[in-house]
Amino acid sequence: MQPTYHLTPTESVTVHQHSPEALVVEVEYGSRASPPPPHFHPSQDERFEVLSGTLHTVVDGKARTLQTGDTLDIPRGAVHRLWNASDDTPARVIWRTLPAGRTLEWFAALDAARRDGPRGKDGLPSPLALAVLLRTHRDTIRLSQRPRFLVGAGLAVLATLGRLRGYRVEAGSTSIASY
(Lines give C-alpha, C1' and ligand atoms only; values in the text may rest on other atoms or scores of the structure.)
Protein backbone atom coordinates (compact mmCIF):
# COMPACT_ATOMS: atom_id res chain seq x y z
CA MET A 1 0.00 0.00 0.00
CA GLN A 2 1.36 3.38 -0.99
CA PRO A 3 1.26 6.02 1.75
CA THR A 4 -0.69 9.23 1.15
CA TYR A 5 0.10 12.48 2.94
CA HIS A 6 -2.25 15.48 3.16
CA LEU A 7 -0.09 18.59 2.91
CA THR A 8 -2.84 21.23 2.84
CA PRO A 9 -6.64 21.11 2.86
CA THR A 10 -6.54 20.87 -0.97
CA GLU A 11 -3.26 19.04 -1.68
CA SER A 12 -2.29 15.41 -1.07
CA VAL A 13 0.58 13.26 -2.28
CA THR A 14 0.74 9.49 -2.76
CA VAL A 15 4.22 8.00 -2.76
CA HIS A 16 5.09 5.93 -5.84
CA GLN A 17 8.86 5.58 -5.38
CA HIS A 18 11.36 6.55 -2.71
CA SER A 19 15.12 6.09 -2.78
CA PRO A 20 18.03 8.39 -1.94
CA GLU A 21 18.19 9.32 -5.62
CA ALA A 22 14.53 10.25 -6.11
CA LEU A 23 11.14 10.69 -4.54
CA VAL A 24 8.27 10.22 -6.99
CA VAL A 25 4.74 11.07 -5.86
CA GLU A 26 1.40 11.61 -7.49
CA VAL A 27 -0.09 14.80 -6.17
CA GLU A 28 -3.69 15.90 -6.34
CA TYR A 29 -4.21 19.64 -6.25
CA GLY A 30 -7.83 20.35 -5.35
CA SER A 31 -9.71 23.11 -7.14
CA ARG A 32 -10.08 26.69 -5.93
CA ALA A 33 -6.80 26.53 -4.03
CA SER A 34 -4.78 29.51 -2.93
CA PRO A 35 -1.15 29.74 -3.99
CA PRO A 36 1.39 28.61 -1.41
CA PRO A 37 4.01 31.07 -0.19
CA PRO A 38 6.96 31.51 -2.53
CA HIS A 39 9.63 29.00 -1.55
CA PHE A 40 12.68 27.15 -2.84
CA HIS A 41 14.58 23.94 -2.26
CA PRO A 42 18.30 24.51 -1.63
CA SER A 43 19.51 21.02 -2.57
CA GLN A 44 16.92 19.43 -4.85
CA ASP A 45 15.57 19.71 -8.37
CA GLU A 46 11.90 19.07 -9.12
CA ARG A 47 10.02 17.93 -12.20
CA PHE A 48 6.24 18.09 -12.60
CA GLU A 49 4.18 16.31 -15.27
CA VAL A 50 0.47 17.14 -15.46
CA LEU A 51 -1.67 14.00 -15.84
CA SER A 52 -4.99 15.85 -15.82
CA GLY A 53 -6.37 19.29 -15.01
CA THR A 54 -4.68 22.67 -14.90
CA LEU A 55 -1.81 23.82 -12.73
CA HIS A 56 -0.84 27.46 -12.26
CA THR A 57 2.85 28.11 -11.67
CA VAL A 58 5.20 30.97 -10.98
CA VAL A 59 8.91 30.14 -11.20
CA ASP A 60 11.44 32.91 -10.61
CA GLY A 61 8.72 35.48 -11.31
CA LYS A 62 7.52 33.92 -14.60
CA ALA A 63 3.89 32.76 -14.62
CA ARG A 64 2.80 29.76 -16.65
CA THR A 65 -0.33 27.61 -16.81
CA LEU A 66 0.27 23.90 -17.34
CA GLN A 67 -2.29 21.62 -19.01
CA THR A 68 -2.54 17.84 -19.33
CA GLY A 69 0.72 16.49 -20.78
CA ASP A 70 2.82 19.57 -19.93
CA THR A 71 5.98 19.30 -17.86
CA LEU A 72 7.90 21.77 -15.75
CA ASP A 73 11.46 21.49 -14.43
CA ILE A 74 12.41 23.55 -11.39
CA PRO A 75 16.12 23.66 -10.56
CA ARG A 76 17.31 23.82 -6.96
CA GLY A 77 17.26 27.35 -5.63
CA ALA A 78 14.51 28.57 -8.00
CA VAL A 79 11.73 30.40 -6.17
CA HIS A 80 8.37 28.90 -7.11
CA ARG A 81 4.68 28.38 -6.38
CA LEU A 82 2.26 25.81 -7.85
CA TRP A 83 -1.50 25.59 -7.31
CA ASN A 84 -4.82 24.76 -8.93
CA ALA A 85 -7.11 27.79 -9.16
CA SER A 86 -9.68 26.15 -11.47
CA ASP A 87 -13.31 26.22 -10.41
CA ASP A 88 -14.13 22.54 -10.27
CA THR A 89 -11.50 20.13 -11.58
CA PRO A 90 -8.70 18.70 -9.46
CA ALA A 91 -5.28 18.52 -11.08
CA ARG A 92 -3.29 15.27 -10.93
CA VAL A 93 0.45 15.58 -11.33
CA ILE A 94 3.53 13.35 -11.13
CA TRP A 95 6.11 15.17 -8.98
CA ARG A 96 9.73 14.05 -8.94
CA THR A 97 12.25 15.36 -6.40
CA LEU A 98 15.93 14.70 -7.19
CA PRO A 99 17.68 13.74 -4.95
CA ALA A 100 15.00 12.78 -2.46
CA GLY A 101 16.77 14.32 0.52
CA ARG A 102 14.40 14.60 3.48
CA THR A 103 11.37 15.53 1.36
CA LEU A 104 9.41 12.44 2.42
CA GLU A 105 10.08 13.28 6.07
CA TRP A 106 8.85 16.86 5.40
CA PHE A 107 5.63 15.51 3.86
CA ALA A 108 5.05 13.12 6.77
CA ALA A 109 5.73 15.79 9.41
CA LEU A 110 3.45 18.32 7.69
CA ASP A 111 0.69 15.70 7.39
CA ALA A 112 1.04 14.79 11.08
CA ALA A 113 1.02 18.42 12.16
CA ARG A 114 -2.15 19.07 10.14
CA ARG A 115 -3.80 15.94 11.52
CA ASP A 116 -2.71 16.01 15.16
CA GLY A 117 -1.57 19.52 16.02
CA PRO A 118 -3.22 22.89 16.37
CA ARG A 119 -4.49 24.32 13.08
CA GLY A 120 -5.36 27.77 11.89
CA LYS A 121 -8.59 28.75 10.12
CA ASP A 122 -6.94 27.86 6.80
CA GLY A 123 -6.49 24.22 7.91
CA LEU A 124 -2.70 24.54 8.06
CA PRO A 125 -0.64 23.97 11.20
CA SER A 126 -0.55 26.92 13.59
CA PRO A 127 2.17 29.50 12.82
CA LEU A 128 4.29 28.34 15.78
CA ALA A 129 4.04 24.65 14.79
CA LEU A 130 4.75 25.53 11.14
CA ALA A 131 7.80 27.56 12.18
CA VAL A 132 9.18 24.55 14.10
CA LEU A 133 8.63 22.36 11.02
CA LEU A 134 10.22 24.85 8.63
CA ARG A 135 13.28 25.34 10.85
CA THR A 136 13.67 21.57 11.31
CA HIS A 137 13.44 20.99 7.54
CA ARG A 138 15.37 24.04 6.28
CA ASP A 139 17.68 21.70 4.37
CA THR A 140 14.61 20.72 2.32
CA ILE A 141 12.42 23.83 1.98
CA ARG A 142 12.83 27.53 2.67
CA LEU A 143 10.49 30.46 2.41
CA SER A 144 11.73 33.12 -0.01
CA GLN A 145 10.04 36.33 1.09
CA ARG A 146 12.48 39.22 1.26
CA PRO A 147 14.50 40.34 3.00
CA ARG A 148 15.49 36.73 3.58
CA PHE A 149 17.65 37.42 6.62
CA LEU A 150 14.67 39.06 8.38
CA VAL A 151 12.34 36.23 7.38
CA GLY A 152 14.91 33.72 8.65
CA ALA A 153 15.33 35.61 11.91
CA GLY A 154 11.56 35.91 12.37
CA LEU A 155 11.12 32.21 11.67
CA ALA A 156 13.84 31.37 14.21
CA VAL A 157 12.05 33.45 16.86
CA LEU A 158 8.68 31.82 16.07
CA ALA A 159 10.26 28.35 16.12
CA THR A 160 11.83 29.09 19.51
CA LEU A 161 8.44 30.22 20.82
CA GLY A 162 6.89 27.09 19.33
CA ARG A 163 9.42 24.88 21.07
CA LEU A 164 8.80 26.75 24.33
CA ARG A 165 5.09 25.98 23.85
CA GLY A 166 6.05 22.32 23.50
CA TYR A 167 6.09 21.72 19.75
CA ARG A 168 8.76 19.22 18.78
CA VAL A 169 9.64 17.24 15.68
CA GLU A 170 11.00 14.11 17.27
CA ALA A 171 14.13 12.44 15.86
CA GLY A 172 13.12 9.32 14.00
CA SER A 173 9.47 10.38 14.10
CA THR A 174 7.36 12.04 11.46
CA SER A 175 4.96 13.79 13.78
CA ILE A 176 4.98 17.05 15.60
CA ALA A 177 4.24 16.57 19.26
CA SER A 178 2.99 19.03 21.84
CA TYR A 179 3.98 18.32 25.43
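**Figure 1. Arg-32 in its loop.** Arg-32 counts as exposed, at 59% relative accessibility. The model shown here is predicted. Arg-32 sits in the loop between strand 3 (23-29) and strand 4 (39-40). Its backbone deserves a look. Phi of Arg-32 is near 55 degrees, a positive value in a residue other than glycine.

**Figure 2. Asp-60 between strands 6 and 7.** The loop that holds Asp-60 runs between strand 6 (55-59) and strand 7 (62-66). Phi is positive at Asp-60, near 50 degrees, and the residue is not glycine. Is Asp-60 buried or exposed? Asp-60 counts as exposed because its relative accessibility is 52%, and the cut-off for exposed is over 50%.

**Figure 3. Strand 5 and its two partners.** Strand 5 (residues 45-52) and strand 10 (residues 91-98) run antiparallel, joined by seven bridges. Strand 5 also runs antiparallel to strand 8 (residues 71-74), with four bridges between them. Follow Arg-47 to see both pairings. Towards strand 10, the bridge partner of Arg-47 is Arg-96. Towards strand 8, the partner of Arg-47 is Asp-73.

Figure 4. Which residues of strand 8 lie on the covered face? They are Leu-72 and Ile-74. Thr-71 and Asp-73 make up the uncovered face.

**Figure 5. Val-93 in strand 10.** Val-93 belongs to strand 10. Val-93 is buried because its relative accessible area is 0%, and buried means under 20%. Val-93 and Val-25 are 68 residues apart along the chain, and their C-alpha atoms are separated by 8.3 Å.

**Figure 6. The cis peptide bond at Pro-99.** Leu-98 and Pro-99 are joined by a cis peptide bond. Omega for this bond is about -15 degrees. Pro-99 lies in the loop between strand 10 and helix 1 (103-116).

**Figure 7. A salt bridge from Arg-102 to Asp-139.** Side chains of opposite charge can pair when their charged atoms come close. Here Arg-102 forms a salt bridge with Asp-139, and the closest N and O atoms are 2.9 Å apart. The pair links distant parts of the chain, 37 residues apart. Arg-102 is in the loop between strand 10 and helix 1. Asp-139 is in the loop between helix 2 (127-136) and strand 11 (142-143). How exposed are the two residues? Arg-102 is partly exposed, with a relative accessible area of 29%. Asp-139 is partly exposed too, at 37%.

**Figure 8. A salt-bridge network with Asp-111, Arg-115 and Asp-116.** How many salt bridges does a search of the whole structure find? The search finds seven. This view shows a network of salt bridges that links Asp-111, Arg-115 and Asp-116. Arg-115 meets Asp-111 at 2.3 Å, N to O. Both lie in helix 1, four residues apart, about one turn of the helix. Arg-115 also meets Asp-116, at 3.4 Å, N to O. Asp-111 is buried, with a relative accessible area of 9%.

**Figure 9. A patch of positive charge.** Six arginines gather here on the surface: Arg-138, Arg-142, Arg-146, Arg-148, Arg-163 and Arg-168. Together they form a patch of positive charge. Arg-168 lies in strand 12 (residues 167-169). Arg-168 is partly exposed, with a relative accessible area of 33%. Patches take residues with over 30% relative accessible area.

**Figure 10. A nonpolar patch on the surface.** Val-157, Leu-158, Leu-161 and Leu-164 form this patch. Their accessible area together is about 380 Å². Val-157 is placed in helix 3 (residues 148-164).

Notes. Residues numbered from 1 in each chain as written. Predicted model: local features only at pLDDT ≥ 70, side-chain atom pairs only at ≥ 80, totals over all residues. Heavy atoms only, no water. Patch = residues over 30% accessible without salt bridge, like charges linked within 9 Å, V, L, I, M, F, W, Y side chains within 5 Å. Areas by Shrake-Rupley, 256 points an atom, 1.4 Å probe, with all protein chains shown as cover. Salt bridge = Lys/Arg side-chain N within 4 Å of Asp/Glu carboxyl O. Lys, Arg positive; Asp, Glu negative; His and termini not counted. Charge placed at Lys NZ, Arg CZ, Asp CG, Glu CD. Helix = DSSP H or I, 4+ residues; strand = E, 2+ residues; numbered from the N terminus. Buried < 20%, exposed > 50% of the residue type's maximum accessible area, 1.4 Å probe, protein only. Pairing = 2+ DSSP bridges.
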